[in-house]
Amino acid sequence: QVALVESGGGLVQAGGSLRLSCAASGRIFSINVMGWYRQIPGRQRELVATITRSGTTNYADSVKGRFTISRDNTKNTSYLQMNNLKLEDTAVYYCNARGATWISEVFDRWGQGTQVTVSS
C-alpha cells in the first residue's frame, strides 16, 4: 500500500505565502509524477502543478509565476511553495502521486486534502 500525507495548509492573508508538503510512504519503487490539485466545493478538481521524477514541471496558467512545485526523490516528498496568494486560491489542495511499487504494481494515489484559505 502507498499512502500520501499532506501538511502545511492554513489561513493566510492575501499576498502572503504558504508551503505545502506531501510525503509518500509504502512499498514504493519509484514515483514518476507528483502533483498538486485543488477543489472548491461544487466545482471539479483542477490541476495546480505537476513535476516528473526528472524535474520537468507543469503549471496551471492561474498560478504561473506565483507557485513553485519541487520534490525530493530521496524522501518521496513533494512541495508546493505558494507566494502572492490571492482570494481565488482558497480551496482544498490535494496531493497526487503516480508510480510503481517493488512488486510492480502501478499506483495512483491521493492525499486526504489540506485546506488553504486566503483572506482579504
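How many aromatic pairs does the count come to?

1. The count comes to 2 aromatic pairs, where rings of Phe, Tyr and Trp (its six-membered ring) pair if their centres lie within 6.5 Å, and planes under 30 degrees apart count as stacked, over 60 as edge-to-face and the rest as tilted. This is a predicted model, in which local features need pLDDT of at least 70 and side-chain atom pairs count only at pLDDT 80 or more, while totals for chains, interfaces and linings use all residues. Residues are numbered from 1 along each chain as its sequence is written, and side-chain values use heavy atoms, with hydrogens and water left out.

2. F29 and W102 pair edge-to-face, at 4.8 Å centre to centre with 80° between the planes. F29 lies in strand β4 (residues 28-39) and W102 in the loop between β9 (91-101) and β10 (106-110), so the pair ties together parts 73 residues apart in sequence. W102 is exposed, at 58% relative accessibility; exposed means over 50% relative accessible area, buried under 20%, and partly exposed in between (1.4 Å probe, protein chains only).

3. Y37 and W110 are also edge-to-face, with 5.0 Å centre to centre and 65° between the planes. Y37 sits in strand β4 and W110 in strand β10, 73 residues apart. Y37 is buried at 16% relative accessibility, whereas W110 is partly exposed at 38%.

4. The chain has 0 helices and 11 strands; these are DSSP runs numbered from the N terminus (helices H or I, at least four residues; strands E, at least two). Buried residues make up 44% of the 120 residues.
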